[in-house]
Amino acid sequence: MDTSVVIRTKNEGPIFKNVLEMLRAQTLQEFEIVQVDDNSSDGTESLVYNYFSEDRVKVVRIPEGKFSHPFSCNLGAKSASGKWLVYINGHSIPATNSWLADGLSNFSDDKVAGVFAWNLPNPDANRVERFLYNFYSKTLHGKREVYKKVQMGVLGTTSAILRKDLWEQYPFNESFGLGGEDTDWAKYWMDEGYIVIQDP
């Protein structure tokens with residue numbers, strides 16, 4: 001399969017069911033799932049098999065105490081067979097049934113290194129979170145935008161698609177243990193003349 005959906009999980013609880021249901025409802029179904037699990041103890045790592053057949057799923061476990069954002073992203077990419085790396089978290093619910101197809105449609109241009117969308121609030125978000133996320137994502141970033149220079153938050157891997165051939169040349173920098181590896185990756189490729197697309 002050309003597309004690998006890399007999902008990072010740890011004790012995601014019931015919200016992970018919503019993620020898997022939306023993945024199963026995607027208009028484009030030609031993808032494998034690579035679940036990178038950080039030692040869940042609530043059944044999160046086996047839930048995926050209730051929604052997808054075993055031949056479409058790889059569950060990769062992070063060694064105890066080794067979690068970091070870039071390490072988990074790289075671990076998922078190493079296990080992925082697709083040429084597109086689609087990153088979400090176990091609580092990142094795709095916003096629409098065409099989320100995957102819409103994101104992949106941006107790669108008709110060879111200069112696109114990655115595509116991402118800003119986050120919307122989950123159903124259980126409080127009023128302040130709902131206001132802030134909706135204002136930021138819909139008001140400030142509600143239209144398709146092309147980035148040629150890096151900005152903070154660009155290509156956040158809560159909802160992003162990357163070219164695996166570019167990841168193979170420059171994996172996520174694991175010195176960014178607390179985050180920022182995704183923006184660093186975007187900057188590296190923008191400096192090489194590539195672009196990143198924000199597609200709501």
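Of the 200 residues of the protein, 50% count as buried, where buried means under 20% relative accessible area, exposed over 50%, and partly exposed in between, with a 1.4 Å probe and protein chains only. This is a predicted model, in which local features need pLDDT of at least 70, side-chain atom pairs count only at pLDDT 80 or more, and totals for chains, interfaces and linings use all residues. Residues are numbered from 1 along each chain as its sequence is written, and side-chain values use heavy atoms, with hydrogens and water left out.

The secondary structure comprises seven helices and eight strands; helices (H or I, at least four residues) and strands (E, at least two) are DSSP runs numbered from the N terminus. Of the contacts in the protein with a separation of 6 or more, 77% are between residues 24 or more positions apart, a contact being heavy atoms within 4.5 Å.

The eight strands form an open sheet with mixed pairing, in the order β3-β2-β1-β4-β7-β5-β8-β6. Two strands are taken to pair if DSSP finds at least two bridges between them. β3 (57-61) and β6 stand at the edges with a single partner strand each, so one side of each has no neighbour in the sheet. On average, neighbouring strands are turned by 20° against each other, direction ignored. For such angles, axes are lines fitted to C-alpha atoms, for helices over the stretch in contact, and angles run from 0 to 180 degrees between N-to-C directions.

β1 and β2 are parallel and share six bridges, with S4 opposite E32 in β2. β5 and β8 also pair in the parallel sense, over four bridges, and here V112 stands opposite I195 in β8. β6 and β8, in contrast, run antiparallel and are joined by three bridges; E145 stands opposite Q198 in β8.

In a regular strand the side chains alternate between the two faces of the sheet. β8 is covered on both faces: I195 and I197 are buried on one side, and V196 and Q198 on the other. Beyond its neighbours within four places in sequence, V196 is in contact with G114, F116, E145, V146, Y147, V154, L155, A186 and M190.

V196 also belongs to the largest nonpolar core, which has 30 residues; together with Y87, F116, V154, L155 and W185, V196 touches the most other members. A nonpolar core is here a set of buried Ala, Val, Leu, Ile, Met, Phe, Trp, Tyr and Cys residues joined through side-chain atoms within 4.5 Å. Two or more residues of this core come from each of β2 (32-37), α3 (69-79), β4 (84-89), β5 (112-116), β7 (159-163), α6 (164-169) and α7 (181-191). Another core lies apart from it, with 26 residues, among them L23, F52, V57 and W99. In soluble globular proteins, nonpolar side chains tend to be buried together.

In α7, eight of eleven residues are buried, namely E181, D182, T183, D184, W185, A186, W189 and M190. Their cover includes α3, β5, β6 (145-147), β7, α6 and β8 (195-198). After α7 comes G193, with a positive phi near 100°. In α3, eight of eleven residues are buried: P70, F71, S72, C73, N74, L75, G76 and A77. α3 lies across β1, β2, β3 and β4, and runs at about 145° to β2. These strands are part of what covers the buried residues of α3, and α6 and α7 are included as well.

Helix α1 (residues 15-24) has I15, F16, V19, L20, M22 and L23 as its buried residues. Seen down the axis of α1, these fall within an arc of 160°, so they line one face of the helix; the arc is that of the directions from the helix axis to the C-beta atoms. What covers them includes β1 (3-9), β2, α2 (44-47), β4 and α4 (99-104).

Strand β2 also holds D37, which counts as buried at 0% relative accessibility. Leaving out residues up to four places away in sequence, D37 touches T9, K10, T44, E45, V60, R61 and I62. D37 and I62 are 25 residues apart in sequence, yet their C-alpha atoms are 6.0 Å apart in space.
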